[in-house]
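This briefing is for a reader who is new to the structure. Please look at the sequence and the model first, then read the points below.

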Amino acid sequence: MYPVVGVNWHQANEYCKWRTEAVNEAILEKDEEAVLYPSYRLPTEADWEYAARGLQESEVYAWEGKSLRNRKGQFRANFKRGRGDYAGWRGGDRRHMTDGYMITAPVKEFMPNDFGLYNMSGNVAEWTQDNYRVLSYEDVEDFNPYRRKGKTEIRPDQWLDDITYDPKESLLFNPDPFAPQGNDGFDNVKVVRGGSWQDIAYYLSPGVRRFFDADSSSATIGFRCAMIKTGSPD
């Protein structure tokens, strides 16, 4: 099984909606009085980084230590070692001298992080919910932050009443009044996290953030679904 790629941000959101309906319909078929699951959604930028770090807050990558190899000398992720070097040197043991894949690798080819999540570093970069703004870390709340638009920071579970914003505060402000998605084009630039098979090691760090047009797709960008946890924290 390989990760999905080639879907834009809007398509990824539509899939989350479809998955929510499909899962809950299956639950109701078994028990009409069953408790339904919360909605699937794209992770916020904060969700994604927390999941990627797996409680390894001070580490460079999504695993313990600063090495890109494990104790057996095997690569821990699928990435590009240098210009044109997508799989590494092809001599000797494939898994020791190279990550073994020119493009995407099977989802479970490399070890998961401490949360049991695969490919939080490398293989495929991923969409998040957030609009991109260079200075997000300086002006968003530090409690479950989520940049919906402009200088407005709200969580998906907060009310939207009486919230205002100035899109010109964004360094990616687009003055075109006919730009896609309205809001002067601001909504069309989304945060992408995680490195891909086409990226060098720098982009494997959970703290590195980039942006991509929401209407565009790429062979290096995919997504994963998130959900609000239900029940006790234990």
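Which residues in the largest nonpolar core touch the most other members? Of its 13 residues, these are Tyr-61, Trp-63, Leu-68, Phe-79, Met-120, Ala-201 and Leu-204. The model is predicted, so local features need pLDDT of at least 70 and side-chain atom pairs count only at pLDDT 80 or more, while totals for chains, interfaces and linings use all residues. Residues are numbered from 1 along each chain as its sequence is written, and side-chain values use heavy atoms, with hydrogens and water left out.

**Nonpolar cores**

- A nonpolar core is a set of buried Ala, Val, Leu, Ile, Met, Phe, Trp, Tyr and Cys residues joined through side-chain atoms within 4.5 Å.
- Trp-63, one of the residues named above for the largest core, touches Leu-68, Arg-76, Ala-77 and Ser-121, leaving aside residues up to four places away in sequence; contact means heavy atoms within 4.5 Å.
- Another core, of 12 residues, lies apart from the largest one, and its members include Trp-9, Ala-12, Leu-42 and Trp-127.

**The sheet**

- An open sheet is formed by 4 strands in the order 6-5-2-7, with mixed pairing.
- Strands (E, at least two residues) and helices (H or I, at least four) are DSSP runs numbered from the N terminus, and two strands pair if DSSP finds at least two bridges between them.
- Strand 6 and strand 7 (221-222) are the edge strands, each pairing on one side only.
- Strand 5 (residues 189-193) and strand 6 (residues 209-213) are antiparallel and share 5 bridges; Val-189 has Asp-213 as its bridge partner in strand 6.
- Strand 2 (residues 125-131) is joined to strand 5 by 3 bridges, also in the antiparallel sense, and Trp-127 has Val-192 as its partner in strand 5.
- Strand 2 and strand 7 run parallel, joined by 2 bridges, and Glu-126 is partnered with Gly-222 in strand 7.

**Cover of strand 5**

- In strand 5, 5 of 5 residues are buried, where buried means under 20% relative accessible area, exposed over 50% and partly exposed in between (1.4 Å probe, protein chains only).
- Val-189, Val-191 and Arg-193 lie on one face and Lys-190 and Val-192 on the other, and both faces are covered.

**Positive phi in loops**

- Most residues other than glycine have a negative phi.
- Leu-55 has a positive phi of about 70° and sits in the loop between helix 2 (45-53) and helix 3 (94-97); Leu-55 counts as exposed because its relative accessibility is 55%.
- Asn-119 has a positive phi near 60° and sits in the loop between helix 3 and strand 2; Asn-119 counts as buried because its relative accessibility is 11%.
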